[in-house]
Amino acid sequence: MSRPQPLSGFPELLPRQRIVEQQVVDHLRRAFELHGFANLQTRAVEPMDQLLRKGETSKEVYVLRRLQAEDTEPAGDDALGLHFDLTVPFARYVLENAGKLNFPFRRYQIQPVWRGERPQSGRYREFWQADIDIVDLGELPAHYEVEVALVVADALRGLPLPKLRMHVNNRKLSQGFYQGLGIRDTEEALRIIDKLDKIGHDAVAKLLIDTVDATPEQAEACLKLASISTADTSFVEQIRALGVTDPLLDEGLDELAAVVAAVAAEAPGFVVADMKIARGLDYYTGTVYEVFIEGQEHLGSVCSGGRYDKLASDGKHTYPGVGLSIGVSRLLVPLLQSGALDATREVPTCVLVALANEDERPAANALAQRLRGRGIPTQVSPSAAKFGKQIKFADKRGIPFVLFTNDEGTQIKDIRSGDQTTVDVDAWNPPAEDLHPTIVTAE
RNA sequence: GUGGUCGUAGCUCAGCUGGUAGAGCACCUCGUUGUGGUCGAGGAUGUCGCGGGUUCGAGCCCCGUCGAUCACCCCA
């Protein structure tokens, strides 16, 4: 029997990597709660018709099937599929609980999602998303499009990550511009522009001409727009200078300028208005966001989202929303695997209580419990082996302190420096940075 | 889902035109018989991803499969 091999697209972490992930998630959670977002957890499955509502994403869904199901059993819309994001389940949850929720409602949700795609670096079949959304009843004020961007900027700040950049656009702006130009199928035009980075200027021009019947001049104007990218609100003048007018364009310009101005003020250097951001998902109707790791753009967006006006609607009421989803796995797994991110140790343990002989175990347990009582993670040595072995046990795991009991009383040794001093167990505290493992970045 | 490349010890890798496996690091023991890391000596380790085929003989050739990775697709 050979060793089991990993399953493609289902990454699993080692303990010290998981410590990093856990701390990042804790950080995000604290930040979201500081902004007043309540936590929510939704079930892993949704009915297929809910998941397929957006049409094109259908092929990515993992379908759930009973082992004992008969082949004759229908696997249609009443079948269950694993959710592929957290926005669609949330929209369903809002509709289901509309009567019990207070609007505007803000929530965060940190859960795994599943997609049946072929894995690549940064692309997984099971991965974690950290999602925030704000939904309202009927109308959603535009200022929430500013707020969610600020929350994410705040949440990502202070994490030991490479430089991140948020690219923002507004669908009204792009579609208004295309409309003003006289292009009919503005949705399709948007999808084509979204390919700009991948297939290049000329191929996009050709597609626009072939697919949406754009004239060469219209195609050129679309590409001109897409080339605009500014870190402040100067994009407004640049777009005005292109001479296209449309009411929808005006709306988009105002909304995007508000987002960019606010985020640039709050998190300098973080945001950039980027007219070629379009987003694949077709339910977005206003601001769209994509965050990239600078220099790692090939990984794709590590956080994205936007405003959606009609995702949650029961026919009578509509609950427009805006939200962003951080791809926790995409952000962390490549950094963990390359060693760019690591933890100071692989266990929570701060102190190892050494054992002189097995008879002392009850006393050692009591000693450990006193440290734990003051919040110091402590474990007792697995055996009364030679002290050198016991120190090695701690060293291999990165446990910084070993406690000995000898003629001099209780002594704590910092095994990094070798310093060993007699201490009062009920008064001793490790340096704050040693109490819990922390994240370290490779140079 | 489609196509390309790759898969040898825990890790990084070597292995000639097919002749039944090696290095460095890590690990274990001892020197140092109850305070680790250095140094020295010694030791253990693989169904060569898995399954099948060709051959007197396969780590090496062929087919399949699984995994890794890249591109497409799509997206966090």
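Colleague: What percentage of the 443 residues in chain A do buried residues make up?

Modeller: This is a predicted model, in which local features need pLDDT of at least 70, side-chain atom pairs count only at pLDDT 80 or more, and totals for chains, interfaces and linings use all residues. Residues are numbered from 1 along each chain as its sequence is written, chains are lettered from A and ligands numbered from 1 in the order in which they are written, and side-chain values use heavy atoms, leaving out hydrogens and water. Buried means under 20% relative accessible area, with a 1.4 Å probe and protein chains only; in chain A, 49% of the 443 residues are buried.

Colleague: How many helices and strands are there in chain A?

Modeller: Helices (H or I, at least four residues) and strands (E, at least two) are DSSP runs, numbered from the N terminus, and chain A has 15 helices and 19 strands.

Colleague: At what angle do the axes of helix 8 and helix 9 cross?

Modeller: Axes are lines fitted to C-alpha atoms, for helices over the stretch in contact, and angles run from 0 to 180 degrees between N-to-C directions. The axes of helix 8 (residues 201-211) and helix 9 (residues 216-226) cross at roughly 130° and come within 9 Å. Helix 8 is therefore oblique to helix 9, since angles under 35 degrees count as roughly parallel, over 145 as roughly antiparallel, 65 to 115 as roughly perpendicular and the rest as oblique.

Colleague: Which residues meet there?

Modeller: With contact meaning heavy atoms within 4.5 Å, H201, V204, A205, L208 and I209 of helix 8 meet P216, A219, E220, C222 and L223 of helix 9.

Conventions
Buried < 20%, exposed > 50% of the residue type's maximum accessible area, 1.4 Å probe, protein only.
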